[in-house]
Amino acid sequence: MILQKCPRYDSLDRSRTGKGAPSVLFNSFSYLLFLPIVFGIYWAIPRRFRVVFLVIASYFFYMSWRPIYGLLIVALTAINFGFGHMIATANARTTKKTWLITGLIANLACLAYFKYTNFMVESYYSVRTALGTIDLTKQHFDILLPLGISFFTFEFIHYIVDIYRGQKPITRPLDFALFASFFPSQIAGPIKRYEDFRLQTENLPSYNADYINAGTQLLLQGFFKKVALGDNLGLIASHGFTAYATNTPAETWLATLAFTFQIFFDFSGYTDIGRGSALLLGFKVPENFDIPYLATSPTDFWNRWHKSLSTWLRDYLFIPLGGSRHGKATTYRNLIITMGLSGLWHGAAWHFVIWGLVHAALLIISKEWQSALDRMQSTNHAIAALRRSSAWNAAAISITFVLMVFTWLLFRADDMHQASRMCASMFDLAGLAQGMQRASSSELILEFVRSSLVFSLPAYGAYCWVKNHADTQAILGAFKRFWLANLGLRIAFCVAISIMVLAFAPGQLTPFIYFQF
Amino acid sequence: MKYLSTMVWLVIAAVLLEGLFAWLAIGEQEFLRPDTRMGTVHLRDKLVTWRLEGYSRDRLNKRGERDIEHAIDKSPETRRVILLGDSVCEALQVPMAATYARRLQGLLNDGSQKWETINLGCSGYSTGQELLALRDQGLQYKPDIVALLYSRGDSLENCVQPQTRATSEPRPYFYLGNDGSLQQDDSVLQANRRNLQSPAFLDYLRTNSHLYGVWSQVNFNLTLTDKIYNRLIKNYKQLIARFDQSQSMTQIAPAALQPQDNFAVTQKLISRFNEVCKQNNARFILMTFPDVSNLDPEFARQVPLLKQQAAAQGFEILDLSPAFRAQKHVSKMFLQVHFSEAGHAVVAQSLAEQIKKK
């Protein structure tokens, strides 16, 4: 037994968990009870009851956090179903447009109220205070942000816009209720497209053992990413960002790199758990990541990172603004608006907006650079050959990665002062060299070296390499046949990975980063 | 055949995991075992790698102390200091060499005398358990000085209140009898006797198995963080208790079950500490945990009362708060709630100065 009784740890726990009902979050013990129960009942009941059962399960999942906010989902689901119906059945274009605008206002007003009220009020008072026209302490309203509101609001907007554009609406209210509340993607996406989802609810699949195989693999992969990698990296990032004022440059780099990988493992781990959970129920939700840190440019990065958000922003913001159809200036203006709002979507704070604008700047520079290279390439074949070389590719990946590390610094920092201090520290090359020499006495570096990350990070890297490397496919094929033929091996493997996840987990349960959005 | 194959693969997985965890020093945080007399005691000769708060990788000695090996026999020229306390004194959060117990020995051994410090601190111990540890373990070392670290919350652990008796941690509790005398209440221990009689194979697993260590760690983390898990465990225990009449608390509890004044019991325990030390010709030094932020009004109330008690009963008291407040970076003296290496250095220095005063 470890510490059967130590009231000091108890007091830590109380501050961490707070009061109220226990939440069924993906990385909780409750979810390990919830999912098998839902899985068992779902496949045991007749097919005609499955959608209604999943709606009930999804509401239970969401309401375990704050029961009252279940009403918010009910209300938004009802009004958006109504808007979809009105848009689809209206004859006149202007009537359709009126319903669409009303629907957009309703959804955006809801998002604005819950997410941006305090941001707007605080910004207003900050400006007035700075101008000296008001002398008031900042106003703050006690508004609790509903989990996942940014995600399901975007799904509702996508739904009514697509119906306005001519798509068929969902006719069965229960199917729409499930689209709106489906627990594997409810809290932090991926942002679903209703056409894909409707096809699945209208043709519910029969039980297939492949769902268990593939779903379990995704679940284990997700838990490993989140708990064994993300949460441990999070501890290092958290310590590094807290003590930023006294960090050596090496520690600042370590903290920033730790956050760079933490946010990836945290979010892609969440997505894997969500996708795996959905697959166990015979549903497919879209992928969200495609090895984003191997992107060769900022544009490529956004094609690989949070793909469901990137494509949503493209389809429902960038293109409606005019996209890239009206010349360079308009294109860049649209990019700046889209990425600025993307930053604001991530968080109601100015450093998120600046994070988005920095990405816009990187996208514009990247596009200009590509255009310049294309022009040079047309007259100089050496450049064309160079661009095809693996050295060029490696350089492009490295530069893009370093740029992304700096943008994550902006994202994670509490304010611009902290971000600029840490940025300056990272460029202090003399200090970096000294810090490397004193690495053995650095608490942060020692914390990394002593953690299970020294094993789990390379192990995960090797897993990805084997999974994605062409040369290993033949070996994998042979192994797969053996694997599929041997149930005992599969069970033992799942048990072993589960134990490893638990063994590598840090002592503290860490919420998913994207839950705050 | 299918079941046999699954079993074989599971055994292979277990062996591989055991090897991997041993190589990575994972699942080595297990360091206590149940005990029918004390509630819990340290495992003996156990390698512990601690990561919950801070980091350390050391072996508990063959007597189950978080210290280097000590001989019971004491040479005439040696002076011994016994250090008692809870997890703060045990100090798994820092390497053994950095604990105030080890540092103190270095500071005291300035050549004129040979000093030996012995750390009997154990996680979760109450003042009452520390008194029993002194009697059972400490006195056999023939100490010249006994230094007890009194921490925030300690007094809450010394006696059990009637309304929480059924859910209280199994340990010896104390109460004041009708005549004001200090009485030991082992009813909670007796009620949990069956759980506290740890079978030999479980002790073997605790000491040697990394997989068991991982399970224990997960159980501990879930107990702290997951309300559903806690509720399930509680219901399970209640179910077991329903079938086990021997666990009925009311039949075992002593007659004196009136609500107790925790701090009055604690003061009585400290008086007893002082008496035991006097009887054994040892100096008694009571150290109070540094409350640098004044976060705990109850503790702030207790410290002056303990100082009055020390003056009245003739023992020494060392309030660590001034020494900590004098540090340039006070926050660096702590990890989360326990001392950092720097914090241990301050305690060692303060205690060494206190000891050298006489």
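**Exercise 1.** Find the strands that helix α14 (residues 341-356) of chain B lies across, and state its angle to β11(B).

*Solution.* Step one: α14 of chain B lies across β7 (145-150), β10 and β11 of chain B. Step two: α14 of chain B runs at about 150 degrees to β11(B). Helices (H or I, at least four residues) and strands (E, at least two) are DSSP runs, numbered from the N terminus. Angles run from 0 to 180 degrees between N-to-C directions, and axes are lines fitted to C-alpha atoms, for helices over the stretch in contact. Two residues are in contact if their C-beta atoms, placed from the backbone, lie within 7 Å.

Before going on, note that this is a predicted model, where local features need pLDDT of at least 70, side-chain atom pairs count only at pLDDT 80 or more, and totals for chains, interfaces and linings use all residues. Residues are numbered from 1 along each chain as its sequence is written, while chains are lettered from A and ligands numbered from 1 in the order in which they are written.

**Exercise 2.** Work out the strand order of the open sheet of 5 strands in chain B, and which strands stand at its edges.

*Solution.* Step one: the order is β6-β5-β7-β10-β11 in chain B, with parallel pairing (two strands pair if DSSP finds at least two bridges between them). Step two: β6 (114-119) and β11 (316-319) of chain B are the edge strands; each has a single partner strand, so one side of each lacks a neighbour in the sheet. Step three: from one strand to the next, the twist averages 20 degrees.

**Exercise 3.** Trace how β10 (residues 283-288) of chain B is joined to β11(B), and name the helix α12 that lies across both.

*Solution.* Step one: 4 bridges join these parallel strands, β10 and β11 of chain B. Step two: B:Thr288 has B:Asp319 as its bridge partner in β11(B). Step three: helix α12 (residues 297-313) of chain B lies across β10 and β11 of chain B, at about 155 degrees to β11(B).

**Exercise 4.** Describe how α4 (residues 69-89) and α5 (residues 93-131) of chain A are arranged.

*Solution.* Step one: their axes come within 9 Å and cross at roughly 165 degrees. Step two: α4(A) is therefore roughly antiparallel to α5(A) (angles under 35 degrees count as roughly parallel, over 145 as roughly antiparallel, 65 to 115 as roughly perpendicular and the rest as oblique). Step three: residues making the contact include A:Phe83 of α4(A) and A:Trp99 of α5(A).
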